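Subject: Structure for you to look at

Hello,

Here is the structure I said I would pass on. Please open it first, then read the notes below with it on the screen.

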Amino acid sequence: MSQQSRPSTQIFGRHALAARPLVDVTRADVDEWWKSNEAGHVIRALAYAFMKSVFKDAVDRGIIVSNPCRVENATRRVAQRPKAVQTE
């Protein structure tokens, strides 16, 4: 019986970035991953936030020198349109 992957796992899994060691991932790789996943804005932002925290921990532990996750406004919420208010 196969288990279905969560959407955030699918977003990583379908990209070559998922199979690479942390030390080999560059800022250009992360930028390319970000651009290639434009369809699912919320899932992409959540996956990016998770990936950024993994790389931050790797920096803190001395595994890598710097965090390649530097996409500007990647985790910023997109403003929702105000709901229409009916007046009498």
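Start with a pair of charged side chains: Asp29 and Arg20 form a salt bridge, and their closest N and O atoms are 3.0 Å apart. Keep in mind throughout that this is a predicted model. The two partners differ in their surroundings. Asp29 counts as buried because its relative accessibility is 18%, and the limit for buried is under 20%. Arg20 has a relative accessible area of 34%, so it is partly exposed.

How many salt bridges are there by this rule? The count comes to three. As background, side chains of opposite charge can pair when their charged atoms come close.

Another of them joins Lys56 to Asp60, with 3.1 Å between the closest N and O atoms. Both residues are in helix α3, and because they are four residues apart there, about one helical turn separates them. In general, an α-helix has 3.6 residues a turn, so residues three or four places apart point the same way. Lys56 is partly exposed at 48% relative accessibility, while Asp60, at 54%, is exposed.

Asp57 and Arg61 also form a salt bridge, and here the closest N and O atoms are 2.7 Å apart. Asp57 is partly exposed, with a relative accessible area of 34%. Arg61 counts as exposed, at 61% relative accessibility.

Now the overall layout. The chain has three helices and zero strands, so from the N terminus on the order of elements is α-α-α. Of its 88 residues, 27% count as buried. The chain exposes about 7300 Å², and carbon and sulfur atoms supply 52% of that area. Among contacts with a separation of 6 or more, 47% are between residues 24 or more positions apart.

Next, helix α2, which covers residues 27-36. Which of its residues are buried? They are Asp29, Val30, Trp33 and Trp34. These residues lie on the same side of α2, because they cover an arc of only 135° around the axis. The face turned away from that buried side carries the exposed residues Ala28 and Lys35. Asp29, the salt-bridge partner of Arg20, is therefore also one of the residues on the buried side of α2.

What does Tyr48 contact, leaving aside its neighbours within four places in sequence? The list is Val30, Trp33, Trp34, Cys69, Arg70, Val71, Ala74 and Thr75.

Cys69, from that list, lies in the segment after α3. Its relative accessible area is 4%, so Cys69 is buried. Not counting residues up to four places away in sequence, Cys69 touches Val30, Tyr48, Met51, Lys52 and Phe55.

Arg27 is in helix α2 and counts as partly exposed, at 46% relative accessibility. Arg27 and Pro68 are 41 residues apart along the chain, yet their C-alpha atoms are separated by 4.2 Å. Leaving aside neighbours within four places in sequence, the contacts of Arg27 are Pro68 and Arg70. Arg70 is also in contact with Tyr48.

Last, the surface. Where is there a nonpolar patch? The patch is formed by Leu22, Val23, Phe50, Val54 and Ile63, which together have about 420 Å² of accessible area. One of them, Val23, is found in the loop between α1 (7-13) and α2. Val23 counts as exposed because its relative accessibility is 54%, and the limit for exposed is over 50%.

Regards

Note on methods:
Residues are numbered from 1 along each chain as its sequence is written. This is a predicted model: local features need pLDDT of at least 70, side-chain atom pairs count only at pLDDT 80 or more; totals for chains, interfaces and linings use all residues. Side-chain values use heavy atoms; hydrogens and water are left out. Buried means under 20% relative accessible area, exposed over 50%, partly exposed in between (1.4 Å probe, protein chains only). Helices (H or I, at least four residues) and strands (E, at least two) are DSSP runs, numbered from the N terminus. The arc is that of the directions from the helix axis to the C-beta atoms. Contact means heavy atoms within 4.5 Å. Patches are made of residues with over 30% relative accessible area and no salt bridge: like charges are joined within 9 Å, nonpolar side chains (Val, Leu, Ile, Met, Phe, Trp, Tyr) within 5 Å. Accessible areas come from the Shrake-Rupley method with a 1.4 Å probe; for residues, only the protein chains shown count as cover. A salt bridge is a side-chain nitrogen of Lys or Arg within 4 Å of a carboxyl oxygen of Asp or Glu.
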